Amino acid sequence: MIYPYKDVWPQIANTAYIADYVTITGDVTVGEETSIWFNTAIRGDVAPTYIGNRVSIQDNSVLHQSPNNPLIIEDDVTIGHMVILHSSIIRKNALIGMGSTILDKAEIGEDAFIGAGSLVPPGKVIPPRTLALGRPAKVVRELTEEDFKEMERIRQTYVEKGQYYKEITQKRE
């Protein structure tokens, strides 16, 4: 379901795939070839949410903000199942593992990987090209070329799946 909030409607690219039972409200921008999967809620009713191109936001995730603190997700980001993002910045090519929570004014660096179940507390900065995990999340190592290949494989898989589901959904209508 797509709803306005105070006369502001979400702006969703034509090539984005929005699965059934997703709710998007208010000041939310969704980029090209982005996929937002089943039962995700994205509320743009406090501050803006910007979601770049080729982002996957997987099932049961929740995205929201605090006053005057937008949520920014740059291009080519993977957001795992059941992730909570709140007024944070997720830089290009990052991967947020399933069940993680990223809180206000935290910043996840370009090409960084947040391990499953992690908690990134308010204001924490995770450097580019690192693996961070835990509650609270701590950097445990630099990422390897193998890590980057796997992150790219996951990204590409979700772009392809999103476009596939978009195509079959349009045929159904």
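Because the model is predicted, local features need pLDDT of at least 70 and side-chain atom pairs count only at pLDDT 80 or more, while totals for chains, interfaces and linings use all residues. Residues are numbered from 1 along each chain as its sequence is written, and side-chain values use heavy atoms, with hydrogens and water left out.

Strands of a sheet pair through backbone hydrogen bonds, either parallel or antiparallel. Strands (E, at least two residues) and helices (H or I, at least four) are DSSP runs, numbered from the N terminus, and two strands pair if DSSP finds at least two bridges between them. Strand 3 runs parallel to strand 5 (residues 35-36), and 2 bridges join them. In this pairing, Tyr-17 stands opposite Ser-35 of strand 5.

Next comes the interior. A nonpolar core is a set of buried Ala, Val, Leu, Ile, Met, Phe, Trp, Tyr and Cys residues joined through side-chain atoms within 4.5 Å. Buried means under 20% relative accessible area, exposed means over 50%, and partly exposed lies in between (1.4 Å probe, protein chains only). The largest nonpolar core holds 39 residues, and the members touching the most others are Ile-51, Ile-57, Ile-73, Leu-85, Ile-90, Ile-102 and Ile-108. At least two residues of this core come from each of strand 4 (23-30), strand 6 (41-51), strand 9 (71-73), strand 13 (95-96), strand 19 (130-134) and helix 1 (145-172). Helix 1 gives the most, with 4 residues. Ile-90 shows what such packing looks like: leaving aside neighbours within four places in sequence, Ile-90 is in contact (heavy atoms within 4.5 Å) with Ile-72, Ile-73, Glu-74, Val-77, Leu-85, Ile-96, Ile-102 and Ile-108.

In one of them, Glu-107 meets Arg-91 at 3.0 Å, N to O. Glu-107 lies in strand 15 (residues 107-108) and Arg-91 in the loop between strand 12 (89-90) and strand 13, so the pair ties together parts that are 16 residues apart in sequence. Both partners are partly exposed, Glu-107 at 25% relative accessible area and Arg-91 at 26%.

A salt bridge also joins Arg-129 and Asp-111 (3.9 Å, N to O). This pair links distant parts of the chain, 18 residues apart: Arg-129 is in the loop between strand 18 (125-126) and strand 19, and Asp-111 is in the loop between strand 15 and strand 16 (113-114). Arg-129 is partly exposed at 37%, whereas Asp-111 is buried at 13%.

Within helix 1, Glu-150 and Arg-153 sit 3 residues apart, about one turn of the helix. Their closest N and O atoms are 2.7 Å apart in a salt bridge. Glu-150 is partly exposed at 36%, and so is Arg-153 at 44%.

Helix 1 is also the place of Ile-168, which is partly exposed at 35% relative accessibility.

Key
Salt bridge = Lys/Arg side-chain N within 4 Å of Asp/Glu carboxyl O.
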